[in-house]
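Visitor: I'd like to learn how to read a model like this one. Can we take it feature by feature?

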Amino acid sequence: MVATADQPAPDRLTRGIRLDHVSFAYPGTDRLVLDDVSLDLPAGAVVAIVGENGAGKSTLVKLLCKLYAPTSGRILVDDTDLARIPADEWRGRLAGAFQDFFRFELLARQSIGLGDVPRVDEVPAVRAAVDRAGATDVVDKLATGLSTQLGPTWPGGVEVSFGQWQKLALARGFMRDEPLLLALDEPTAALDAETEHALFERYAAALHARDDASGRISILVSHRFSTVRMADYIVVLDGARVVEAGSHDELMAAGGTYAELYQIQAAAYR
Ligand SMILES: Nc1ncnc2c1ncn2[C@@H]1O[C@H](COP(=O)(O)OP(=O)(O)O)[C@@H](O)[C@H]1O
Ligand SMILES: [Mg+2]
């Protein structure tokens, strides 16, 4: 089925994003990486996705970003089928950072500013993104701050550690002020658990503190349950299927997979 992409991307979400019996196999393969996934992600929610490696978390995020289309089923943005929204328009409303990021060997401010190309040279916007990403420490350590050339192969270019690159990538992901969907797919795996926790706590507090009319949905993939428990809604994926979904309290009370994994991790930190 080829749908015509004739619908504009919405300016705000009122209801949310709904996955309606979504199944997916990567092109050229038969194996379902997502198998009959139905989910209701309410407007304004912070949603965490957990599950073992290979469970399909990143694939789910990619479908939401319209990097791939469902093999069957539909993704509804409010009441519009995502298939009908042009990919470039939808992506213009997204922000986020991913597990595998690119090292843009540019000036630090450009490397970050690329997260919102029309504003790549707006230093105040770059500074706001650095602040949201908790990357001020990284920028402060650079010889000439945001004007520092990154990458030692360039004249005067500086070497940046993996963890520092990851924070810069996160800042790039936070460049847009009003995304409809913010996707964070393990963007902080190189940071320690406490730093990650503090970062998302700050993000969620800022999000909930303002009167957010955009209805932005924030999606967070993490293996750290100290982070995950902060989410409004938690989705547990296992072997291509959703096995549980609900708030931390609901899932703990249900005593299923989530509760078990949470208790194992909590015990390990004691
Ligand atoms: N580009 C691809 N082509 C084919 N299979 C893929 C591709 N990317 C991921 N997969 C497979 O899809 C499954 C789910 O992967 P992924 O969504 O990355 O899981 P997770 O993020 O939960 O670790 C895995 O079995 C993985 O090997
Ligand atoms: Mg992944």
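Guide: Start with Phe 104. Phe 104 counts as partly exposed, because it has 18 C-beta neighbours inside 10 Å. The rule: 20 or more other C-beta atoms within 10 Å of a residue's own make it buried, 12 or fewer make it exposed, anything in between is partly exposed, and C-beta atoms are placed from the backbone. This is a predicted model, where local features need pLDDT of at least 70 and side-chain atom pairs pLDDT 80 or more, while totals for chains, interfaces and linings use all residues. Residues are numbered from 1 along each chain as its sequence is written, and chains are lettered from A and ligands numbered from 1 in the order written.

Visitor: Where is the place of Phe 104? And with which residues is Phe 104 in contact, leaving aside neighbours within four places in sequence?

Guide: Phe 104 sits in the loop between E6 and H3. Helices (H or I, at least four residues) and strands (E, at least two) are DSSP runs numbered from the N terminus. Beyond those sequence neighbours, Phe 104 is in contact with Ser 111 and Leu 114. Contact means C-beta atoms, placed from the backbone, within 7 Å. Sequence distance is another matter. Phe 104 and Asp 79 are 25 residues apart in sequence, with 37 Å between their C-alpha atoms. Asp 121 and Arg 109 are 12 residues apart along the chain, with C-alpha atoms 7.5 Å apart. Asp 121 lies in the loop between helix H3 (108–113) and H4. Asp 121 counts as exposed because it has 11 C-beta neighbours inside 10 Å.

Visitor: How do I read a helix? Which residues of H7 are buried?

Guide: An α-helix has 3.6 residues a turn, so residues three or four places apart point the same way. In H7, Glu 196, Leu 199, Phe 200 and Tyr 203 are buried. They cover an arc of only 90° around the axis, so they lie on the same side of H7. The arc is that of the directions from the helix axis to the C-beta atoms. The buried residues of H7 pack against helix H4 (123–132), strand E8 (217–221) and helix H8 (225–228). On the face turned away from that buried side, H7 carries the exposed residues Glu 194, Ala 205, His 208 and Ala 209.

Visitor: What about H6? How many residues does helix H6 have, and how far does it reach?

Guide: Helix H6 (residues 162–173) has 12 residues and reaches 16 Å from its first C-alpha to its last, close to the 16 Å expected at 1.5 Å a residue. Expected span is 1.5 Å times one less than the number of residues. Buried residues in H6 include Leu 168, Ala 169 and Leu 170. Their cover includes strand E6 (94–98), H3, H4, helix H5 (136–141) and strand E7 (181–185).

Visitor: Now the backbone. Is Lys 66 buried or exposed?

Guide: Lys 66 is buried, because 21 other C-beta atoms lie within 10 Å. Lys 66 is not a glycine, although it has a positive phi of about 60°. Lys 66 lies in the loop between helix H1 (57–64) and strand E4 (72–77). His 21, in strand E1 (residues 16–24), also has a positive phi, of about 50°. His 21 is exposed, because 12 other C-beta atoms lie within 10 Å.

Visitor: And the whole chain? How many helices and strands does the chain have?

Guide: The chain has 10 helices and 10 strands. Of its 270 residues, 36% count as buried.

Notes. Contact = placed C-beta atoms within 7 Å.
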